[in-house]
There are 4 protein chains.
Amino acid sequence: MQQPIAGIYCPHLVPLDERGQIHEEELRRYVDWLIASGVHGLYPNGSTGEFTRFTPEERRRIVRIVCDQAAGRVPVLAGAAEAHIGETLDACAEYAEYGARAVAIVSPFYYKLSAESVYAYFREIARQSPIDVTLYNIPMFASPIDVPTIRRLAEFERIVGIKDSSGDLAFMMRMMEAVKPVRPDFVFLTGWEALLLPMLLMGCDGGTHATSGVVPELTRKLYDLTRAGELEEARRLQFRLLELFDTMLYSADFPEGFRAAVELRGIRLGNSRQPLSDTQQVDRQQLSHVLQCILADFGVVEQPADGCPPRTQHASLTAERDQVGHVAQMVVEELRRRGVM
Amino acid sequence: MQQPIAGIYCPHLVPLDERGQIHEEELRRYVDWLIASGVHGLYPNGSTGEFTRFTPEERRRIVRIVCDQAAGRVPVLAGAAEAHIGETLDACAEYAEYGARAVAIVSPFYYKLSAESVYAYFREIARQSPIDVTLYNIPMFASPIDVPTIRRLAEFERIVGIKDSSGDLAFMMRMMEAVKPVRPDFVFLTGWEALLLPMLLMGCDGGTHATSGVVPELTRKLYDLTRAGELEEARRLQFRLLELFDTMLYSADFPEGFRAAVELRGIRLGNSRQPLSDTQQVDRQQLSHVLQCILADFGVVEQPADGCPPRTQHASLTAERDQVGHVAQMVVEELRRRGVM
Amino acid sequence: MQQPIAGIYCPHLVPLDERGQIHEEELRRYVDWLIASGVHGLYPNGSTGEFTRFTPEERRRIVRIVCDQAAGRVPVLAGAAEAHIGETLDACAEYAEYGARAVAIVSPFYYKLSAESVYAYFREIARQSPIDVTLYNIPMFASPIDVPTIRRLAEFERIVGIKDSSGDLAFMMRMMEAVKPVRPDFVFLTGWEALLLPMLLMGCDGGTHATSGVVPELTRKLYDLTRAGELEEARRLQFRLLELFDTMLYSADFPEGFRAAVELRGIRLGNSRQPLSDTQQVDRQQLSHVLQCILADFGVVEQPADGCPPRTQHASLTAERDQVGHVAQMVVEELRRRGVM
Amino acid sequence: MQQPIAGIYCPHLVPLDERGQIHEEELRRYVDWLIASGVHGLYPNGSTGEFTRFTPEERRRIVRIVCDQAAGRVPVLAGAAEAHIGETLDACAEYAEYGARAVAIVSPFYYKLSAESVYAYFREIARQSPIDVTLYNIPMFASPIDVPTIRRLAEFERIVGIKDSSGDLAFMMRMMEAVKPVRPDFVFLTGWEALLLPMLLMGCDGGTHATSGVVPELTRKLYDLTRAGELEEARRLQFRLLELFDTMLYSADFPEGFRAAVELRGIRLGNSRQPLSDTQQVDRQQLSHVLQCILADFGVVEQPADGCPPRTQHASLTAERDQVGHVAQMVVEELRRRGVM
């Protein structure tokens, strides 16, 4: 019998070496650490995994390494989107051989396609794939998959679930309402960890989130608390994870903030293939400091050597940013006044 | 001591007579029915109440009637936004005299204002209002109120809460996280009944929703179930209310779908001041039929004389609409083929 | 015979006195100045005129003053949108009596209405209005009017033209293509002065722009140059007006930048009814300085006493702003490094 | 001396054979036809060329074939965006060897990057590319390139121009205003043929448009008329091309409408790698009929055997679509009334 797709999946980053190539040894170490930390499954070649920044050969190699290292301890959901359906099906076949539990296929991107085109695309894959398929809806990056399209696609046995990263809980509920009557086993995973607790309460089977690559023991804990009905403690943890999530998500271009945080956990990810500007490199250092303080509060890393502001302060980073904005504005006004600018 | 602002508030529609004027008698009857049905408070001059379609004098009259009829049985949150701050403050003073518990003021609309302007606007009102003020954030219609702005405004004692209709649960959580440490008594109401249950679970004090003008006994029941921790029954009710909500919201221009539903409950609302096209009038009749079937399933109205489709069918109206689209497409193709179009 | 609606119309601001009330004397002086400066028509109660920030009585008074002062020297296009159709029709009747050439009615706002609703709304007005109506499409603030709706509305004789502020030249061309075959006399005015020259070249009859309240002699000149086929000079002027326009539009919430510029021309507009925050008040002073330099280059005002940067610098304000951003960022980093923030 | 980048460039589709593989012979025939029809340059691997639907090896092969077949008759602007900068630079080197005049590199896509990231990305390429680079801004599909970023990038000699497909003429003017003072030779090409004439009049050097793969003789003619100052004839042609463009763009998911039209010109493009649903296949046939009628009016193809509606009718396809919508709606209402739906 097949492993269920449920619980906490981790769409992990891929460590790179100094030449910008896949750092296989560190990737294997990262996989081991994630499994030891409690994730229920792994998700290579997701958006967090920067799948578009690798070549087709590299994407295959990543899945091969991850499946090999997981070695059946946890199921692997392998991102398999390639340039066109033929290539994608070839990847599906390979990933099945590597031992992946299922593939995850993002809706077509670059071109913004209509619902009919999205349907036609996944229908073709559903008919030919030798391995179970989960859909991946991420409307901020790719063509949206709407509720009627999900329902039509749920008629194909090969399509077994969806990961939705819209962050819209009502949309998730609409999908469940439309699909569950015709396909009770269909799996719903949320990609928006800001709402993991309420998503689970309303019926999601689990989540697959970038944050699980940073604090897998905590997202797992949140999952367990929720399943156990310990809602008060779960609620507190959800709010604290929201702060961490917002800091990682909004302080740098995705997934750079998550890369900074994973490195604080001791995984050497190396530099992204998307270069940073000079300003961004300075920002990155500051962000790393803030993240270390937040992670230290969770007790998962040490505080920085030069200390942290009192808890209440970085508890409301948004507010701080606001102040930063004000100071900057005042400085600029002053510079303008003096004619420097 | 003042009445608390919490629970289920109802932003109700305003009955009009045959000449399109306020139908005072029916409005009083509607108020009585809402109170009898369990709402914790009333909210005249909200978006559901079509406040922009009344003159300043009419808006005053509506609040006067509602406060008079409520007669202290439930608190009144009176929408007080007028053309400019001076006029708004005059309305605030009047509504205080009428006995309103607080006013609700929507963020400036038409012009899309920056956060600084939104702050300056509410600060002025906060400094001068003789009555408690709740902010009203509805980014689909008015200038958005962002998290840092909420936090800055929470420093004014006169500002006692916010109604947020963004439908974004993570945004609601960010507001609570930013404001509660400095202002533990600040009130958070959601205007997005699709998510009433999860909003309450994450810390909201209540909701103020158009749907409470249609099935007040059910939104009240959902509130009570959630507060009592009967989550399984609450969840089932929430899903069913979502279906009703979606049908009312997406089948006509807001708030026409809600008007159709309120009329099925026996309140004679009359025609909206926004006219319907010929096509829309036909649609309106169909919508009314669908709504009657949904409401009949809740047991709050009788089924239509000509019956309803089996439950499973209108349970997935979205799916049906999808089919409608397909049939229409086929017909159109055929007509094109014959050269009719 | 009726005056044609063509050329440069001015949607002007309304001077306020120290108590924030309409400053009639200054409004009359402004009207005289605009006519003397070459505008072909006046447009009270437009978006620039902050029509939503006045009461219904004030809006009527503004039109009465403007019509009275214009005294037939130029036609008046009076903004007549009120709370509902009945009120709007009353305003239409009054404005006809005041001697307005036509009314301009913005598409319904606050609620985002469907094309069918927009059609039903204008159809009702078209059937009953005692005065010619021009539609006003401004999708950034109000419900959009799409091409098929324009075409349907062009069947009503009372609807004589449209002002489009979308800034989308292709959209303007689509409207002309759809309407002109059935209604050759239909008038097309652009509300996007950034593109006045190309709009005229592609077939527009004129423009009605906020910038014409600031430099009416220059928008008129651009119109005349374009009509005379002196495209090279027109092109140069268009680029320079673009710089002025961008500075007024993007450096403050609309229409505050235009207010600052009009005041530099010697019209005392007073403070807006929308208050400024402390930061905004400082920004406003800086903006005024920059605007004075740009206007001085046109030769329409004196340079500020403390001089201006060399022409090339403020020629690319966007670029400057970019530098400002960089400096601010560096300062902020430094402050953060020192733990000040 | 290098060939100038100006005039009409064609971002062409790639013919596929029955197995969905590149049809080299037909591609060479298409290149010959485009050159014979008057294009000033070729643009393989653009958005029209569906570059994301080919593998890295296929993209290289396409450029090799096109450069070889062009054989210096017209310059080639080769789309060179690959998975990451290293791969992109390898492609640049190869395309230089093949004899491409320059490469065109789209802004990073999938992830929506900030201006700083977009700058850092192109800076890296500018520093290392062995061949001239044109930027490609297409905000509907990829991270936007804003005006300050363009200006900063224009400091690199290797970056010689930009293709902008935003369709926003004012944005194009802002770019020219910011860049030309520091880089008078910088090339501005528009990717929005709906506005080719006004773009050229305001200073663009040319265009590179999907429509040039369909009616190259007509876009070339429009370019020549505009350059010759024959504005009246140019204007008429621009309006007619707008109708063709709208039909191709809005009647199917891009670039399917263009594929249908190119096939009518006698190029056998084969099926796209993005499959069509059953409904879309029917739509495609209808679209082909409409396109044949429009192209027949230009005199570039024969009318369909079963004739065309009178000119006025398909002259306003938008209007027709409107009617289609109405008929469909009526039919649906009828079906609903009968309880079929």
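Contact here means heavy atoms within 4.5 Å, and by that rule 42 residues of chain C are in contact with 42 residues of chain B. This is a predicted model, in which local features need pLDDT of at least 70 and side-chain atom pairs count only at pLDDT 80 or more, while totals for chains, interfaces and linings use all residues. Residues are numbered from 1 along each chain as its sequence is written, chains are lettered from A in the order in which they are written, and side-chain values use heavy atoms, with hydrogens and water left out.

**Between chain C and chain B**

- The buried area, which is the accessible area (1.4 Å probe) that two parts lose on being put together, summed over both, is about 3500 Å² between chain C and chain B, and carbon and sulfur atoms give 55% of it.
- Two salt bridges are counted between chain C and chain B, where a salt bridge is a side-chain nitrogen of Lys or Arg within 4 Å of a carboxyl oxygen of Asp or Glu.
- The side chains of C:D278 and B:R123 form a salt bridge, at 3.6 Å from N to O.

**Salt bridges within chains**

- Over all chains, the whole structure holds 100 salt bridges.
- A:R273 and A:E58 form a salt bridge whose closest N and O atoms are 2.7 Å apart, and both residues are buried, a word that means under 20% relative accessible area, with exposed over 50% and partly exposed in between (1.4 Å probe, protein chains only).
- C:E94 forms a salt bridge with C:R60, their closest N and O atoms being 2.7 Å apart; C:E94 is partly exposed at 28% relative accessible area, whereas C:R60 is buried at 13%.
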